[in-house]
Amino acid sequence: QEAEARAATELAALLENDAETLPERIARAKEQVEEARAQLATLQREAGPASAEAEALARDLEAARAKAAPLRERRAQLNRRLTLLSRRKSEAEKTAADLKAQVSKIGADLAALLEEKDAL
């Protein structure tokens, strides 16, 4: 019974201490709530312009993408044309080389015929 009485006394002291500090803790909690509300209000004020700026940037990005789409298509067209012209150039160079070889052969044949004529 003595141990129970001591335990009850200790519990009563703790409860009394809690009861005494409860108003202070409530006051601190209220202060913390007010500080949190003030911080929230500040963050909300700052978030408004930031949100508007983010939306403006998103619109600008979309506009830039819209402008870039025709440019990408034009670049693709130019690349296809460049490939075609490059192929044609290669074919023309090969044809020119063939013609040069033919002219050279004709020149040699002509020289041989002229030599043969002079020999007659």
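Is Lys94 buried or exposed, and at what relative accessibility? Lys94 counts as exposed, at 52% relative accessibility. Here, exposed stands for over 50% relative accessible area, buried for under 20%, and partly exposed for the range in between (1.4 Å probe, protein chains only).

The legends below rest on a predicted model, in which local features need pLDDT of at least 70, side-chain atom pairs count only at pLDDT 80 or more, and totals for chains, interfaces and linings use all residues. Residues are numbered from 1 along each chain as its sequence is written, and side-chain values use heavy atoms, with hydrogens and water left out.

**View 1. The whole chain, with one helix and zero strands.** Helices (H or I, at least four residues) and strands (E, at least two) are DSSP runs, numbered from the N terminus. The radius of gyration is 48 Å, well over the 14 Å that the globule rule gives for 120 residues, so the chain is more spread out than a compact globule. That radius is taken over C-alpha atoms, and the globule rule is 2.2 Å times the number of residues to the power 0.38. Along the principal axes, the C-alpha atoms fill a box of roughly 155 × 40 × 15 Å.

View 2. Of the 120 residues, 0% count as buried. The chain has 21 positive and 23 negative charges, and their mean positions are 16 Å apart. Lys and Arg count as positive and Asp and Glu as negative, while His and the chain ends are not counted. Each charge is placed at NZ of Lys, CZ of Arg, CG of Asp or CD of Glu.

**View 3. The salt bridge between Glu93 and Lys89.** A salt bridge is a side-chain nitrogen of Lys or Arg within 4 Å of a carboxyl oxygen of Asp or Glu; by this rule the count comes to six. In this pair the closest N and O atoms are 3.7 Å apart. Because Glu93 and Lys89 are four residues apart in helix α1 (residues 2-119), about one helical turn separates them. Glu93 is partly exposed at 45% relative accessibility, and Lys89 is exposed at 53%.

**View 4. The salt bridge between Asp98 and Lys94.** The N to O distance is 3.3 Å. Both residues lie in helix α1, four residues apart, about one turn of the helix. Asp98 is partly exposed, with a relative accessible area of 36%.

**View 5. The salt bridge between Lys105 and Asp109.** The closest N and O atoms of the two are 3.1 Å apart. Lys105 and Asp109 sit in helix α1, four residues apart, about one turn of the helix. Lys105 is exposed at 52% relative accessibility, whereas Asp109 is partly exposed at 39%.

**View 6. Ala58 in helix α1.** Ala58 is partly exposed, at 45% relative accessibility. Between Ala58 and Val33 there are 25 residues of separation in sequence and 36 Å in space, C-alpha to C-alpha.
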